[in-house]
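Here's a quick briefing on how this chain is put together. Have the model open while you read.

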Amino acid sequence: MGIRYSTPAPPTEPWPQYVDLDTTASMKEPIQAKVTGTIPRWVSGSLYRNGSGIFKMGQDRFPCLFDGYAVIHRWSIQDGSVTYMSTALDSELYKKAVKHNRLVGEGIGASFPDPCKTIFNSFFSYFMPYIDYDNSYISMFERGDKLFALAENTIVHEVDRKTLKSDRKRNVDKVLAVHSGTAHPHIDREGNMYYYGTNPNNLNKLYNFVKVPPAKKGEDQFANAEIVASLPSRWKLNIGYAHSFGMTENFFIHFEQPLALNVPRMLCMGLLGAGLESTLVNYTSEPIQIHVVNRHTGERVPIKYIAPHGFIFHFINCYEDSGFVVVDVVWNNSTSPIKDFYIDQLMNAQKHKFPLDTGFARFVLPLSVQGI
Ligand SMILES: [Fe+2]
């Protein structure tokens with residue numbers, strides 16, 4: 001029996017079914033879905049979705065909506081009929097959790113140690129707790145004939161379209177100096193993928209934009225990846241948290257947010273047995289700094305763009321228009337944007353109102369200030 005580092009309090013009331021799945025929720029075969037109305041015969045294909053779905057194992061529960069093990073869904077449409085299938089992604093963390101009937105891995109709100117670790121690699125993982133984190137629970141991304149499950153760590157699962165199981169996994173940090181990734185890459189017209197990752201070993205080149213050319217048949221998708229632009233941190237020991245980045249024909253757009261991961265706290269989080277939230281610092285008196293970076297030269301546009309304090313997860317759209325870059329985002333006013341996603345908190349808040357203080361925001365950024 002290992003040590004439970006961080007066992008959250010039991011939920012204050014039963015959780016709804018969609019966050020209360022267990023291992024029995026995994027399906028081996030698709031089922032026929034009931035169709036209301038008529039689907040045109042020309043509609044054919046599959047929709048894949050990913051998300052944290054399994055929050056409990058044995059006596060343990062992950063408390064935050066971003067903690068659960070990945071569950072992949074597929075809806076397939078053909079000849080007017082629909083089938084549905086979902087299954088837990090067979091990550092190493094999930095398989096260990098099932099084997100030991102307890103949670104394993106580091107979440108936002110809690111941390112559960114790996115029972116398979118020896119004393120030596122337990123010690124190592126105290127200081128790099130995310131090194132083995134392979135719960136790719138955020139998004140599905142299609143590229144060529146490949147389908148990937150992604151999260152904010154650098155381990156990427158290639159998923160079998162039929163079984164929804166992991167065919168193989170790749171660790172991007174083996175080919176690039178990045179130690180976190182994004183679940184929301186972009187693709188350009190030529191088929192190049194653009195990825196984002198941070199490198200806490202070099203705060204002068206902390207935020208990195210990566211170009212991943214199309215892979216040749218049989219080649220690792222990230223084999224020819226290269227960092228094409230880097231930005232420094234505004235702080236000495238903090239990494240501004242970014243879930244995604246924006247891209248136009250010629251520019252990357254990066255929001256350096258005042259919600260930041262503190263590097264010394266990250267180094268201690270395994271030792272303290274705390275979840276990732278304990279490493280975050282929200283500088284409520286600081287603004288967002290927006291950076292616009294030329295995709296072709298890697299140079300930052302030398303204009304300081306400042307936005308009020310706030311928080312974003314997702315970009316809606318970015319485009320260039322008459323010497324301006326227009327950036328649309330989902331804006332969050334909360335001063336505790338991660339705390340808001342604890343399941344108990346969400347359930348409690350939604351009794352009274354939409355549980356998040358969000359809206360839309362548009363930023364129109366001049367590429368030159370001459371003549372303005
Ligand atoms: Fe996302």
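What follows covers the domains, the contact between them and a few local details.

Keep in mind that this is a predicted model. The chain splits into domain 1, residues 1-172, and domain 2, residues 191-372.

**How the two domains meet**

- Domain 1 puts 38 residues into the contact, and domain 2 puts in 32 residues.
- Between them, domain 1 and domain 2 bury about 2800 Å², with 63% of that on carbon and sulfur atoms.
- On the domain 1 side, I108, R143 and E152 are the residues that lose the most area to domain 2. Together these three account for 22% of what that side buries.

- How many salt bridges does the rule find across the interface of domain 1 and domain 2? There's one.
- D220 and R170 form a salt bridge, and their closest N and O atoms are 3.1 Å apart.
- There are also 13 residue pairs in polar contact across the interface of domain 1 and domain 2, counting pairs with both residues at pLDDT 80 or more.

**What the domain 1 face is made of**

**Strand pairing around β5**

- Strand β5 (residues 69-78) pairs with strand β2 (residues 45-54) in the antiparallel sense, over nine bridges. If you want a spot to look at, Y69 in β5 is the bridge partner of I54.
- β5 also pairs with strand β6 (residues 81-88), again antiparallel, over eight bridges. Here I77 stands opposite V82 in β6.
- In general, side chains in a regular strand alternate between the two faces of the sheet.

**Loops with a positive phi**

- Which residue takes a positive phi in the hairpin of β5 and β6? It's D79, with phi near 50 degrees, in a hairpin that has two residues between the strands.
- D79 belongs to the loop between β5 and β6, and its positive phi comes in a residue other than glycine.
- L164 is another non-glycine residue with a positive phi, near 65 degrees. You'll find L164 in the loop between β11 (155-159) and β12 (166-171).

Terms used: Residues numbered from 1 in each chain as written. Predicted model: local features only at pLDDT ≥ 70, side-chain atom pairs only at ≥ 80, totals over all residues. Heavy atoms only, no water. Domains from an automatic or database assignment. Contact = heavy atoms within 4.5 Å. Buried area = accessible area lost by both parts, 1.4 Å probe. Salt bridge = Lys/Arg side-chain N within 4 Å of Asp/Glu carboxyl O. Polar contact = N/O pair within 3.5 Å; in protein donor to acceptor, adjacent residues only side chain to side chain. Pairing = 2+ DSSP bridges. Helix = DSSP H or I, 4+ residues; strand = E, 2+ residues; numbered from the N terminus.
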